[in-house]
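Dear colleague,

Please find below the structure that I am handing over to you. My notes on it follow directly after.

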2 protein chains.
Amino acid sequence: MSNHEWEKVLKKHNIKVTSSRMAIVEVFEENRKHLSAEEVHEYLKKGDQKAGIATVYRNLDLLTKVGILHRVNFGDGKDHFEITQRPIHHHHLVCNKCGRVVDYSEIMGESEFVSYLEKELTQRYGFKIESHQIYFYGLCDKCR
Amino acid sequence: MSNHEWEKVLKKHNIKVTSSRMAIVEVFEENRKHLSAEEVHEYLKKGDQKAGIATVYRNLDLLTKVGILHRVNFGDGKDHFEITQRPIHHHHLVCNKCGRVVDYSEIMGESEFVSYLEKELTQRYGFKIESHQIYFYGLCDKCR
DNA sequence: TTGTTAATGATAATGATTATCATTATAAGT
DNA sequence: ACTTATAATGATAATCATTATCATTAACAA
């Protein structure tokens with residue numbers, strides 16, 4: 001998502017483009033990873049635009065609500081966030097032993113298959129599907 | 001998983017078959033849903049074999065470690081647990097508005113596709129994959 | 001039945017997240 | 001640019017889920 005794009009998204013929702021919010025989105029743009037609120041907070045501390053931890057939580061939630069970020073859960077007791085990137089999509093491999101999380105980009109044929117699943121699910125359950133997440137759990141190369 | 005089966009699993013791991021543990025597994029057998037710790041605790045209160053909340057948490061964790069239960073996360077801030085059923089597998093549709101969770105059983109072709117993904121991922125990342133979870137998010141029939 | 005040891009219950013402690021509220025910054029309209 | 005209405009922020013208290021502690025009790029092997 002380009003610089004302009006997410007600012008537009010905020011404006012469309014009547015959300016002010018504040019410096020904390022810009023700084024938070026920039027953390028994810030510089031650092032394309034799944035970060036927890038505390039990690040974002042720590043990261044900001046090193047830069048010139050700091051933000052209180054409450055502001056970080058509030059904005060992660062807000063940015064998630066408008067789709068600029070999304071929330072992922074790796075079972076470590078805290079939420080993690082990632083910047084939303086379309087159409088390139090990725091999912092996660094979580095190591096059951098050390099907790100390491102590896103991202104994987106879509107495997108060939110995956111998006112087609114997911115579309116088929118979505119169509120089926122919409123028919124059966126009447127859900128309007130907006131997104132999905134796939135998690136694989138197992139042992140990473142180091143732990144197995 | 002039959003009555004005998006999970007008792008065997010516990011014994012194999014040198015875990016005592018206590019009445020709290022039996023009661024907890026029974027909650028899931030009677031009530032095939034994704035329950036939170038607090039919900040399990042409440043459910044037990046109504047029966048004759050009660051258990052303290054700490055015991056509930058400890059045993060949910062233990063039963064998950066040995067594979068009798070598994071943990072799912074719907075983004076409501078608490079862990080949920082389900083009884084593990086093989087080979088019939090299911091995943092979840094989560095409503096972004098009301099939080100309702102609908103289970104869906106595997107769609108035709110799904111397990112074959114997941115096997116293919118697992119093989120690819122093992123090759124690429126060296127993960128030994130043990131399980132997976134798929135979540136679809138959107139609006140349920142009532143909320144859309 | 002007994003002894004060893006894991007399991008339990010009550011509750012304190014912890015850690016993540018949310019709420020409160022006085023102060024400050026944004027941006028729309030002059 | 002200057003005001004002004006209002007949303008955003010920061011500090012921190014409150015809340016909620018989960019984990020740790022420790023004295024007591026229950027499982028089960030011998």
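I begin with B:Asn14, which is located in the loop that links helix 1 (3–12) and helix 2 of chain B. Please bear in mind throughout that this is a predicted model. The phi angle of B:Asn14 is near 60°, a positive value in a residue that is not glycine. For context, most residues other than glycine have a negative phi. B:Asn14 counts as exposed because it has 6 C-beta neighbours inside 10 Å, and the cut-off for that class is 12 or fewer.

Chain A shows a corresponding entry. A:Asn14 sits in the loop between helix 1 (3–12) and helix 2 (19–30) of chain A, and its phi is likewise positive, near 60°. A:Asn14 has 6 C-beta neighbours inside 10 Å and is therefore classed as exposed.

I turn next to the contact between the two protein chains. Chain A contributes 32 residues to this contact, and chain B contributes 32 residues. On the side of chain A that touches chain B, the elements giving two or more residues are strand 2 (69–73), strand 5 (101–105), helix 5 (110–125) and strand 6 (128–139). Strand 6 of chain A gives the most to this side, with 12 residues. Sorted by class, the side of chain A that touches chain B comprises 16 nonpolar, eight polar and eight charged residues.

Strand 6 of chain A also takes part in pairing across the two chains. Its partner is strand 6 (residues 128–139) of chain B, and the two run in the antiparallel sense over 11 bridges.

The last topic is the surface near DNA strand C. There are 25 residues around DNA strand C, and those that come nearest are A:Asp79, B:Thr18, B:Ser20, B:Gly52 and B:Thr55. Three helices each supply at least two residues of this surface: helix 4 (53–65) of chain A, and helix 2 (19–30) and helix 4 (53–65) of chain B. Which element gives the most to the surface near DNA strand C? Helix 4 of chain B does, with five residues. By class, the residues of this surface divide into eight nonpolar, nine polar and eight charged.

With kind regards

How values were computed
Residues are numbered from 1 along each chain as its sequence is written. Chains are lettered from A and ligands numbered from 1 in the order in which they are written. This is a predicted model: local features need pLDDT of at least 70, side-chain atom pairs count only at pLDDT 80 or more; totals for chains, interfaces and linings use all residues. A residue is near a molecule or strand if its C-beta atom, placed from the backbone, lies within 6 Å of it. Helices (H or I, at least four residues) and strands (E, at least two) are DSSP runs, numbered from the N terminus. Ala, Val, Leu, Ile, Met, Phe, Trp, Tyr, Cys and Pro count as nonpolar, Asp, Glu, Lys and Arg as charged, and the others, Gly among them, as polar. Two residues are in contact if their C-beta atoms, placed from the backbone, lie within 7 Å. Two strands pair if DSSP finds at least two bridges between them. A residue is buried if 20 or more other C-beta atoms lie within 10 Å of its own, exposed if 12 or fewer, and partly exposed in between; C-beta atoms are placed from the backbone.
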